[in-house]
Amino acid sequence: MAKLKTTFFCQSCGAQFAKWQGQCSTCKSWNTISEELVQKPIKNDWKLGLKSTPDRLSKPLKISEIGTAKTVRMDTADGELNRVLGGGIVPGSLTLLGGEPGIGKSTLMLQVSLKLPCRTLYVSGEESQKQIKLRAERIKPLNDTCYILTETKTQHIFKQIEAIHPDVVVIDSIQTLQSDFLEASAGSVSQIKECTSELIKFAKETAIPVILIGHITKDGSIAGPKILEHMVDTVLQFEGDRNHVFRILRAHKNRFGSTHELGIYEMLGSGLREVTNPSDILISKKDEALSGNAIAVTLEGVRPLLIEVQALVSTAVYGTPQRSATGFNAKRLNMLLAVLEKRAGFRLGAKDVFLNITGGINVDDPAIDLAVVASILSSNGDEALAKNYCFAGEVGLSGEIRPVQRVDQRILEAEKLGFEIIFVSKHNKISLKATTIKVQLLTKIEDLVDVIG
């Protein structure tokens, strides 16, 4: 047997060093470098110990000779997850799901495992089988197609996979797995890379999709080396706030679909409920009109959403004005305030401005600029906007209202929810003819001041 060799890895970014040092020269983190084994004593293969045919050498093919048959995706029976994945699970794919502790990652994957009509193997290295069953009884009635396994050794997992032949494998979580080919502890850089490479080879050779649940660090990135995200096919992020019941599923990487889609869930005592009409929940229900509130029409992927923008403008008590934004880029807020002061003559330099996107979501669509400006003007004058107003436009540095993409979809969504007037740029190309909603065209920010002032 070959002599074991060790080297030093940064547990934060995965950088490799010949000797120990206090600070990682790559990610600048302190005291994150530890010694790990790097040479495997025997050949690494997920098939070791299993009855399998010898590997065949792959041959190069001309691109014209490669079959173009459409891949049939696996329906997860979850509309929001299907949307984010691009239509379902691709056979042989490896998906990584990350999120805050307690946000609902395990609940979502267990819920999907119970819904799938095919045979599913749910592998947990964090909970016992009895604990998982208690949660499963709370989520959904049990079925006979979901198998629960509590194991952390990858070789034992592969033996159970060969015994029951599942159609989908869920691993909770990748940081708890450990391979017999390495002496390093579970969760280390070398173990995460080793276990992931074994699962990738297994998924590609058997066409069985694997879903990994991953931990995240305190700064929000997935724990382990960055190469983990490069190795997998899809990276999903489960976001949310413990103070809100809504959870958002985003795709940060997707080799088989778009990364602009968004899935929204509501956390209930019986599990996660799909939210089919998010615009209805993101807009507050109130009987009286309040100043500082404006409705914006944004897009997440191909789905139009209506969100509520709240602003509070008050006199700076402590001398230095405060600028605070929740769910919106603070630098863009400062830019819009400068445009208002320069182009529209509003003196906001000595006032505190606070901005909030309701529902606990983060929006980076520039089309909500117009709603942000309208909410600030409403709060500054302490005059409420009409309830039937909504906005979709980008504000430029010269104070011009710039056109936004897919304006027709935004107008139809606002019309469906009962709004009567939508403010958009005059330069938008609108192809809609017969609509009940009135489209108010604006050229510059002064036009908005004249209309709502």
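Is lysine 226 buried, partly exposed or exposed, and what is its relative accessibility? Lysine 226 is partly exposed, at 48% relative accessibility. Here buried means under 20% relative accessible area, exposed means over 50%, and partly exposed lies in between, with a 1.4 Å probe and protein chains only.

Some ground rules. This is a predicted model, where local features need pLDDT of at least 70, side-chain atom pairs count only at pLDDT 80 or more, and totals for chains, interfaces and linings use all residues. Residues are numbered from 1 along each chain as its sequence is written, and side-chain values use heavy atoms, leaving out hydrogens and water.

Back to lysine 226. Its side chain meets glutamate 229 in a salt bridge, 3.4 Å from N to O. A salt bridge puts a side-chain nitrogen of Lys or Arg within 4 Å of a carboxyl oxygen of Asp or Glu. Glutamate 229 is buried, at 17% relative accessible area.

The structure holds 16 salt bridges. Take arginine 83 with glutamate 80. Their closest N and O atoms are 2.9 Å apart. Both sit in helix α1, residues 79-85, and being 3 residues apart, they are separated by about one helical turn. Helices (H or I, at least four residues) and strands (E, at least two) are DSSP runs, numbered from the N terminus. Arginine 83 is partly exposed at 30%, while glutamate 80 is buried at 2%.

Next, arginine 332 and aspartate 369. The closest N and O atoms of this salt bridge are 2.6 Å apart. Arginine 332 is in helix α8 (residues 330-343) and aspartate 369 in helix α9 (residues 369-381), so the pair ties together parts 37 residues apart in sequence. Arginine 332 is partly exposed at 24%. Aspartate 369 is buried at 0%. There is also a network: shared partners join Glu80, Arg83 and Arg303.

Now the rings. The structure holds 4 aromatic pairs. Rings of Phe, Tyr and Trp (its six-membered ring) pair if their centres lie within 6.5 Å; planes under 30 degrees apart are stacked, over 60 edge-to-face, and the rest tilted. Phenylalanine 158 and phenylalanine 202 are tilted, because their planes are at 45°, with centres 5.5 Å apart. Phenylalanine 158 is in helix α4 (residues 154-164) and phenylalanine 202 in helix α5 (residues 189-206), so this pair ties together parts 44 residues apart in sequence. Both are buried.

Phenylalanine 238 and tyrosine 265 pair edge-to-face, 6.0 Å centre to centre, with 75° between the planes. Both are buried. Last item: Tyr389, Phe391 and Phe423 form one aromatic cluster.
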